[in-house]
Amino acid sequence: MVLWQLFHTFFLLGFVSFGGGYAMIPLIETAATKYGWMSTEQLTNMVAIAGMSPGPIAANSAILVGYSAAGISGAVTSAVAILLPSIILVSVVASFFIKLHHHSVVESMFYGLKPLVTSLIIFAAIKFAQANNLAVFDFSFHSISLLLIFGLSLFALIKLRWNPVYVIILSGLVGIALYS
Amino acid sequence: MNGEWTKLLQLFWTFFKISPVTFGGGFAMIPLIEREIVEKRKWLDSEDVTEVFALSQSVPGAVGINSASFIGHRVGGVKGALAAMLGVSLPTFFIVLALGISYFFIHGNPKLEAAFVSIRVTIIAIIVYAAIQTARTAIFDKTTFLIMLAGVVVLFFIHPLLAILLGAVTGMISVFLKRKLGYEVQLKHDKAKDPANNPDYFMGAGI
């Protein structure tokens, strides 16, 4: 039952997975909440581990959510489910429409799809901020330190152009120093 | 072993070796693909690689997986696509699974929990950064800005799957209407760089 939920969630996701992994978080979050796989806060942890590993964020997240919900068989099911659409679509596109990205219908579709992908990523940030107490601010040490970590992480990414993996690792060390 | 199987095995192994470098996105694979596929195996030329990456972005799914599958398909048809996809996916599958298993093994440890309080906030920063990077190529006129804004609002009320379909349909309708009304429609950001040549893009896009 769980395996089927995982399969159809990630199989469907595979067909609409445009614009990078973070845009797929709202879909994973909706399913995780609906089927009770995990809380949004736990999902944030999974996305963090997905971001620390090589490989696509969406597929990595799917594997971790699958493992968390149903063990190794869940991880395998989720991986197969999210990869199948890729192989199907690539084979179809490669066999029939070689110049897909020059096609004007496809281009006008992406004219609306790309901004929506941006909305999905913004929505994912809002959802995660709500689930991790970043959205409510009080003047406690906890609240101020979280806001500082957020600001410094963003600074490291945008201005210092650090690799996200290093930012995550450094942030983990800061967390151990501050909160344990 | 006959020739077809040798080729499939070569495809699998080539992408198996490339796969662990795909930190932060499939575009990181490009230099290695140039070396392994273009120079060493001579399966494709450089121009084909550019074409494959452009095409990979217009098909749903991760760029790394799609481009491997496209190259596999060029070399050995559907079987080739399958071999390349398995090759590119297996190493990262085992790495992420190993990390996940270790996480659940030490789950509940106070130090790990403390680390993740901070890491979760950093992940939100990474997602915000990804949104900024994506917006740079996606938002370039009033219509795209409005679609983005409406998209965020609408996502609080409808299923994300439906929102994605609506986004695609809205794009097609607005381009059609603009053309009907005699506006000139620019479908892409003029300053949009090819992400393949822009390391900034793949770091933020997190594909």
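A:Ser78 is buried, with a relative accessible area of 0%, in this predicted model. The residue belongs to helix α4 of chain A.

**The surroundings of A:Ser78**

- A:Ser78 counts as buried because its relative accessible area of 0% lies under the 20% limit for that class.
- The side chain of A:Ser78 comes to 3.5 Å from the backbone oxygen of A:Ala62.
- When neighbours within four places in sequence are set aside, A:Ser78 is in contact with A:Leu6, A:Phe10, A:Ala62, A:Ile63 and A:Gly66.

**The interface between chain A and chain B**

- Chain A contributes 97 residues to the contact, and chain B contributes 88 residues.
- About 8,400 Å² of area is buried between chain A and chain B, and carbon and sulfur atoms give 79% of that area.
- On the side of chain A, the residues that lose the most area to chain B are A:Tyr22, A:Pro54 and A:Tyr111, which together account for 10% of what that side buries.
- The rule finds 14 residue pairs in polar contact across this interface, with both residues of each pair at pLDDT 80 or more.
- Seven helices of chain A each give two or more residues to the side that touches chain B: α1 (2-16), α2 (25-35), α3 (40-52), α4 (57-95), α5 (104-131), α6 (141-158) and α7 (164-179).
- Of these elements, α5(A) supplies the largest share, 23 residues.
- Sorted by class, the side of chain A that touches chain B comprises 64 nonpolar, 28 polar and five charged residues.

**The salt bridge between the chains**

- One salt bridge is found across the interface of chain A and chain B.
- Its partners are A:Glu41 and B:Arg120, whose closest N and O atoms are 3.7 Å apart.
- This pair counts as a salt bridge because its distance of 3.7 Å falls within the 4 Å limit.
- A:Glu41 is partly exposed, at 34% relative accessibility, whereas B:Arg120 is buried, with a relative accessible area of 8%.

**Salt bridges in the whole structure**

- Over all chains, a search of the whole structure finds seven salt bridges.
- The pair of A:Glu41 and B:Arg120 crosses between chains, running from helix α3 of chain A to helix α5 (residues 110-138) of chain B.
- Within chain B, the side chains of B:Glu36 and B:Lys17 form a salt bridge with an N to O distance of 3.5 Å.
- B:Glu36 lies in helix α2 (residues 30-40) of chain B and B:Lys17 in helix α1 (residues 3-18) of chain B, so that this pair links distant parts of the chain, 19 residues apart.
- B:Glu36 is buried at 9% relative accessibility, whereas B:Lys17 is partly exposed at 36%.
- Another salt bridge joins the side chains of B:Asp48 and B:Arg74, at 3.7 Å from N to O.
- This pair also links distant parts of the chain, with B:Asp48 in helix α3 (residues 46-57) of chain B and B:Arg74 in helix α4 (residues 63-106) of chain B, 26 residues apart.
- B:Asp48 is partly exposed, with a relative accessible area of 23%, and B:Arg74 is partly exposed, with 39%.
- B:Lys17, B:Glu36 and B:Lys40 belong to one network, joined by salt bridges that share partners.

**The two domains of chain A**

- Chain A is divided into domain 1 (1-101 + 114-135) and domain 2 (137-180).
- The centres of the two domains, taken over C-alpha atoms, are separated by 25 Å.
- The contact between them takes seven residues from domain 1 and six residues from domain 2.
- The area buried between the domains is about 530 Å², of which 73% comes from carbon and sulfur atoms.
- A:Met52, A:Asn133 and A:Leu134 supply 70% of the area that domain 1 buries against domain 2, more than any other three residues.
- Across this domain interface the rule finds zero salt bridges and zero residue pairs in polar contact, counted with both residues at pLDDT 80 or more.
- The side of domain 1 that touches domain 2 has four nonpolar, three polar and no charged residues.

How values were computed: Residues are numbered from 1 along each chain as its sequence is written. Chains are lettered from A and ligands numbered from 1 in the order in which they are written. Side-chain values use heavy atoms; hydrogens and water are left out. Contact means heavy atoms within 4.5 Å. Buried area is the accessible area (1.4 Å probe) that two parts lose on being put together, summed over both. A polar contact is a pair of N or O atoms within 3.5 Å; within protein, one must be able to donate a hydrogen and the other to accept it, and residues adjacent in sequence count only if both atoms are side-chain atoms. Helices (H or I, at least four residues) and strands (E, at least two) are DSSP runs, numbered from the N terminus. Ala, Val, Leu, Ile, Met, Phe, Trp, Tyr, Cys and Pro count as nonpolar, Asp, Glu, Lys and Arg as charged, and the others, Gly among them, as polar. Domain bounds come from an automatic or database domain assignment. Buried means under 20% relative accessible area, exposed over 50%, partly exposed in between (1.4 Å probe, protein chains only).
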